[in-house]
Amino acid sequence: MSGVRVIVLTIMLSGWLGLMSQPAVIGVTLPEDAYCNLIDKDEYLWIGTKNGLIRNDGYSNETFRSDRNHPDVFRSNDILTIAENVSKDELWIGTKNGAYILSRHDYSVAELKIVGGYSALTALTDKRISHIASSSDST
């Protein structure tokens, strides 16, 4: 397959009462321009690419990106990093031009804000967010 990378995910499936485990292999085709990926608590595979954020459910992809019909999703479609905030059921997304929060309740995307309505990134000269980390308590 020219121009396509294939990732093989190995998932340990729990046996009866967790006493046995059996590996299962699932083939997922990743876009050539993938920067990062995350498997969330619901076992969706999220892929950050130069053309937006992709959610794969094992059968199909759904893409979140700014385009002519949805110009305000992200300021940059280059998704560089993804982290999960399990306690709030959110994904934190870092792009080449800012950070965003995706609510998994309604799949809405909002730019990261702080108290007072100002962007948390206004004081930064470089708004490239290449790493986001979440602690064990999802803060």
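The side chain of Glu-62 meets that of Arg-55 in a salt bridge with an N to O distance of 3.2 Å, a salt bridge being a side-chain nitrogen of Lys or Arg within 4 Å of a carboxyl oxygen of Asp or Glu. Because the model is predicted, local features are reported only at pLDDT of at least 70 and side-chain atom pairs only at pLDDT 80 or more, whereas totals for chains, interfaces and linings use all residues. Residues are numbered from 1 along each chain as its sequence is written, and side-chain values use heavy atoms, with hydrogens and water left out.

Asn-56 lies in strand 5, which spans residues 52-56; strands (E, at least two residues) and helices (H or I, at least four residues) are DSSP runs numbered from the N terminus. Asn-56 is buried, its relative accessible area being 10%, and its side chain reaches the backbone nitrogen of Gly-58 at 2.6 Å. The side chain of Asn-56 also makes a polar contact, at 2.7 Å, with the side chain of Asn-61; such a contact is a pair of N or O atoms within 3.5 Å in which, within protein, one atom must be able to donate a hydrogen and the other to accept it, and residues adjacent in sequence count only if both atoms are side-chain atoms.

The protein chain as a whole contains ten strands and zero helices, so that, from the N terminus on, its elements run β-β-β-β-β-β-β-β-β-β. Of the 139 residues in the chain, 35% are buried. Among contacts (heavy atoms within 4.5 Å) between residues at least 6 apart in sequence, 38% join residues at least 24 apart. The accessible surface of the chain comes to about 9,000 Å², with 52% belonging to carbon and sulfur atoms; accessible areas come from the Shrake-Rupley method with a 1.4 Å probe, and for residues only the protein chains shown count as cover.

Strand 8 (residues 90-95) is mostly covered, six of its six residues being buried. In a regular strand the side chains alternate between the two faces of the sheet. In strand 8, Glu-90, Trp-92 and Gly-94 point one way, while Leu-91, Ile-93 and Thr-95 point the other way, and all are buried. Pairing of two strands requires that DSSP find at least two bridges between them. Strand 7 (residues 79-85) is joined to strand 8 by six bridges in an antiparallel arrangement, within which Ala-83 has Trp-92 as its bridge partner. Strand 8 is likewise joined to strand 9 (residues 98-103) by six bridges, and these strands also run antiparallel, with Leu-91 standing opposite Leu-102.

Both pairings are hairpins: four residues lie between strand 7 and strand 8, and two residues lie between strand 8 and strand 9. Asp-89, found in the loop between strand 7 and strand 8, has a phi near 55°, a positive value in a residue other than glycine, and it counts as buried at 15% relative accessibility. A positive phi, near 60°, is also found for Tyr-107, again a residue other than glycine. Tyr-107 lies in the loop between strand 9 and strand 10 and is partly exposed, with a relative accessible area of 28%.

A search of the whole structure finds seven salt bridges. One of them is formed by Arg-104 with Asp-40, the closest N and O atoms being 2.8 Å apart. This pair links distant parts of the chain, 64 residues apart, since Arg-104 is in the loop between strand 9 and strand 10 (109-111) and Asp-40 in the loop between strand 3 (34-39) and strand 4 (45-49). The side chain of Arg-104 also meets that of Glu-84 in a salt bridge (2.9 Å, N to O). Glu-84 lies in strand 7, so this second pair ties together parts that are 20 residues apart in sequence. Arg-104 counts as buried at 7% relative accessibility, as does Glu-84 at 14%, and Asp-40 is buried too. Asp-40, Arg-104 and Glu-84 belong to a network of salt bridges that also links Lys-41, Asp-42 and Asp-89.

Technical notes. Buried < 20%, exposed > 50% of the residue type's maximum accessible area, 1.4 Å probe, protein only.
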